[in-house]
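Below is a short briefing on one protein chain. The sequence and the structure come first, and the notes follow by topic.

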Amino acid sequence: MFGQVLKLKHERVAEQLAREIRGGRLAPGSRLPGEHALATRFDVSRNTVRQALIDLTRQGLIQTRSGKGSFVTFDGRAIDDRLGWSRALAEQGVPTTVRTLRLELVHEPELVERFGLPSAEFVAVDRLRSLDGGPAISIERSRIPAVGPLCDLPEQGLAGSLYAALRAAGLAPAQGEEWVDLSPVTESDAQLLGCADGDLFLRTQRLSLDARGEFVEYVESLLKPDRFRLHLRFGEATE
């Protein structure tokens with residue numbers, strides 16, 4: 001019973017602070033009151049406050065810095081990534097730079113088995129995305145069909161956006177599925193992202209199809225949790 005009451009208390013504290021963060025009362029970059037002040041405000045123990053702060057960290061709303069306190073990282077901007085992260089971030093006024101890590105033809109039968117695709121031949125496009133003049137915020141590993149002009153990408157290079165290259169090949173994402181979980185980064189990815197081996201990142205896996213249900217792209221992304229949040233919207237059910 002005591003464990004259940006403690007859980008309810010820390011959830012209540014976390015929910016209230018989350019409302020204040022999302023509502024703008026606690027601005028991005030601002031420092032949260034200390035544990036003692038929060039414990040007094042909510043009439044709970046400091047242990048309860050610590051659990052609430054852990055919840056907020058897992059939600060990507062705050063970041064705790066050892067010896068300095070907890071700071072708001074959520075900036076209130078929802079990002080629609082259906083047309084790619086570059087375009088989505090640019091529309092939100094977040095300029096980024098992209099470095100191509102890999103661009104080559106690959107054979108990946110596991111994707112055929114998982115999604116029932118017609119061919120195991122893909123073009124692999126792996127990219128590291130960073131804030132302009134700032135830290136890395138994501139790694140995106142795309143697999144697109146090795147058909148038509150897309151087969152020439154490894155030799156010609158990716159001149160513009162990947163979305164533009166897909167459109168030029170007659171492929172336009174119109175539907176699909178996306179899976180999201182938390183995943184620890186590997187040592188090699190940690191070096192690219194400038195974080196510690198095993199740090200938790202948002203991992204998204206998105207399958208994009210065109211209007212006819214034909215394969216357009218599969219992309220697996222690692223997203224820095226203090227820079228991204230996901231908002232899923234569902235349409236009305238139809239008969």
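**Helix α2 and the residue after it**

Directly after α2 comes Asp43, and the phi of Asp43 is positive, near 55°. The model is predicted: local features need pLDDT of at least 70, side-chain atom pairs count only at pLDDT 80 or more, and totals for chains, interfaces and linings use all residues. Residues are numbered from 1 along each chain as its sequence is written, and side-chain values use heavy atoms, with hydrogens and water left out.

- Asp43 is a residue other than glycine with a positive phi, and its place is the loop between α2 and α3.
- Most residues other than glycine have a negative phi.
- Asp43 has a relative accessibility of 67% and counts as exposed; the classes are buried for under 20% relative accessible area, exposed for over 50%, and partly exposed in between, with a 1.4 Å probe and protein chains only.
- Within α2, Leu38, Ala39 and Phe42 are the buried residues.
- These residues are on the same side of α2 because they cover an arc of only 100° around the axis, where the arc is that of the directions from the helix axis to the C-beta atoms.
- The other side of α2 has His36 and Thr40, which are exposed.

**Overall make-up**

- The chain contains eight helices and eight strands.
- Of the 239 residues in the chain, 38% are buried.
- Among contacts with a separation of 6 or more, 56% join residues 24 or more positions apart; a contact means heavy atoms within 4.5 Å.

**Nonpolar core**

- The largest nonpolar core holds 19 residues, and those with the most contacts inside it are Leu17, Ile21, Leu53, Leu56, Leu61 and Ile62.
- Such a core is a set of buried Ala, Val, Leu, Ile, Met, Phe, Trp, Tyr and Cys residues joined through side-chain atoms within 4.5 Å.
- Two or more residues of this core come from each of α1 (2–22), α2 (35–42) and α3 (46–58).
- The element that gives the most to this core is α1, with five residues.
- Not counting residues up to four places away in sequence, Ile62 touches Ile21, Leu32, Leu53, Leu56, Thr57, Ser70, Phe71, Val72 and Thr73.
- In soluble globular proteins, nonpolar side chains tend to be buried together.

**Residues in strands**

- Ser130 is in strand β4 (residues 121–131) and counts as buried, because its relative accessibility is 14%.
- Ser130 and Thr96 are 5.5 Å apart in space, C-alpha to C-alpha, and 34 residues apart in sequence.
- Beyond neighbours within four places in sequence, the contacts of Ser130 are Pro95, Thr96, Thr97, Pro135, Ala136 and Ile137.
- Trp179 is in strand β6 (residues 175–184) and is partly exposed, because its relative accessible area is 29%.
- From Trp179 to Arg206 the C-alpha distance is 6.5 Å, across 27 residues in sequence.
- Apart from neighbours within four places in sequence, Trp179 is in contact with Arg114, Phe115, Arg203, Thr204, Gln205 and Leu207.

**Cysteines**

- The count of disulfides is zero, a disulfide being a pair of cysteine sulfur atoms within 2.5 Å.
- Cys151 lies in the loop between β5 (136–145) and α6 (153–156) and is partly exposed, at 29% relative accessible area.
- Cys151 is in contact with Leu105 and Ala146, leaving aside neighbours within four places in sequence.
- Cys195 is also partly exposed, with a relative accessibility of 23%.

**Confidence**

- The mean pLDDT of the chain is 83, and 84% of the residues score at least 70; pLDDT is the predictor's confidence in each residue, from 0 to 100.
- Confidence is highest in helix α8 (residues 187–193), at a mean of 95, and lowest in helix α4 (residues 85–91), at 54.
- Residues 1–6 have a pLDDT below 50, and this stretch has two contacts in the model beyond near neighbours in sequence.

Conventions:
Helices (H or I, at least four residues) and strands (E, at least two) are DSSP runs, numbered from the N terminus.
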